[in-house]
Amino acid sequence: MDLRTSAATHKWYPVYTSARAEKKAYEALTNKGILAYLPLHRQLKQWSDRKKWVEEPFIKSYVFVNVAEHEQTEVLMTKGISRFLYFSGKPASMPDRQINELKLLMASSFELEITEEDLQQGEKIIIKAGPLKGMTGEVVSLRSQKQLILRLESIGCSIIVHVAASYIERF
């Protein structure tokens with residue numbers, strides 16, 4: 001059995017990139033044949049003479065790689081990659097479910113923002129309608145709106161999704 005094609009031996013890992021090097025690091029990883037994911041979102045940028053829509057990394061300084069343990073050195077030898085994130089002395093891995101949920105969020109039409117604040121835990125909820133149906137999270141009341149919080153604990157940040165209260169229910 002070839003270890004490179006065995007999904008059971010591969011895990012998703014968040015890796016820290018050099019400052020503003022997410023896109024180049026992602027490109028270098030994919031050129032090496034490493035499965036990587038860089039969540040991007042469109043943002044309107046303004047310069048002194050013009051405005052332009054650009055694709056910006058959604059989570060600054062992070063790229064996600066799907067590799068086996070023996071391939072981690074190859075990831076570290078990639079230009080733009082600084083280090084793996086560690087938890088309890090081992091590289092922190094993420095469940096496939098979290099990456100799939102992040103991809104679903106990025107593909108949705110919901111207004112997204114990211115925060116590194118340690119948001120207070122609220123009621124556990126599940127989305128019962130719309131393109132995010134079945135996703136779970138926590139409700140936090142900010143700016144008088146109900147917002148769904150999805151925690152990506154292995155990278156230490158939270159994603160805030162603006163969702164109508166009618167789309168959520170307690171569980």
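Visitor: Over which residues does pLDDT stay under 50?
Guide: Residues 1–5. For them the model has seven contacts (heavy atoms within 4.5 Å) beyond four places in sequence. pLDDT is the predictor's confidence in each residue, from 0 to 100. This is a predicted model: local features need pLDDT of at least 70, side-chain atom pairs count only at pLDDT 80 or more, and totals for chains, interfaces and linings use all residues. Residues are numbered from 1 along each chain as its sequence is written, and side-chain values use heavy atoms, with hydrogens and water left out.

Visitor: What is the mean pLDDT of the chain?
Guide: The mean is 84. Of the residues, 85% reach 70 or more.

Visitor: How many helices and strands does the chain have?
Guide: Three helices and 14 strands. Both are DSSP runs, numbered from the N terminus: helices are H or I with at least four residues, strands are E with at least two.

Visitor: What is the strand order in the open sheet?
Guide: Four strands run β2-β5-β1-β6, with antiparallel pairing. Two strands pair if DSSP finds at least two bridges between them.

Visitor: Which strands stand at the edges?
Guide: β2 (35–37) and β6 (81–84). Each has a single partner strand, so one side of each is left without a neighbour in the sheet.

Visitor: How many bridges join β1 to β5?
Guide: Seven. Valine 15 stands opposite valine 63 in β5.

Visitor: Which helix packs on the sheet?
Guide: Helix α3, residues 96–107. Helix α3 touches β1, β2 and β5, and its direction makes about 50° with that of β2. Axes are lines fitted to C-alpha atoms, for helices over the stretch in contact; angles run from 0 to 180 degrees between N-to-C directions.

Visitor: Switching to rings. How many aromatic pairs are there?
Guide: Three. Rings of Phe, Tyr and Trp (its six-membered ring) pair if their centres lie within 6.5 Å; planes under 30 degrees apart count as stacked, over 60 as edge-to-face and the rest as tilted. One of the pairs, tyrosine 16 with tyrosine 62, is edge-to-face, at 5.7 Å centre to centre and 75° between the planes.

Visitor: What does that pair tie together?
Guide: Parts 46 residues apart in sequence, because tyrosine 16 lies in β1 (residues 10–17) and tyrosine 62 in β5 (residues 62–68).

Visitor: Is tyrosine 62 buried or exposed?
Guide: Buried, at 13% relative accessible area. Tyrosine 16 is partly exposed, at 29%. Buried means under 20%, exposed over 50%, partly exposed in between (1.4 Å probe, protein chains only).

Visitor: Which charged end sits over the ring of tyrosine 16?
Guide: That of arginine 83, 4.9 Å from the ring centre. The cut-offs: NZ of Lys or CZ of Arg within 6 Å of the ring centre and within 35 degrees of the ring normal.
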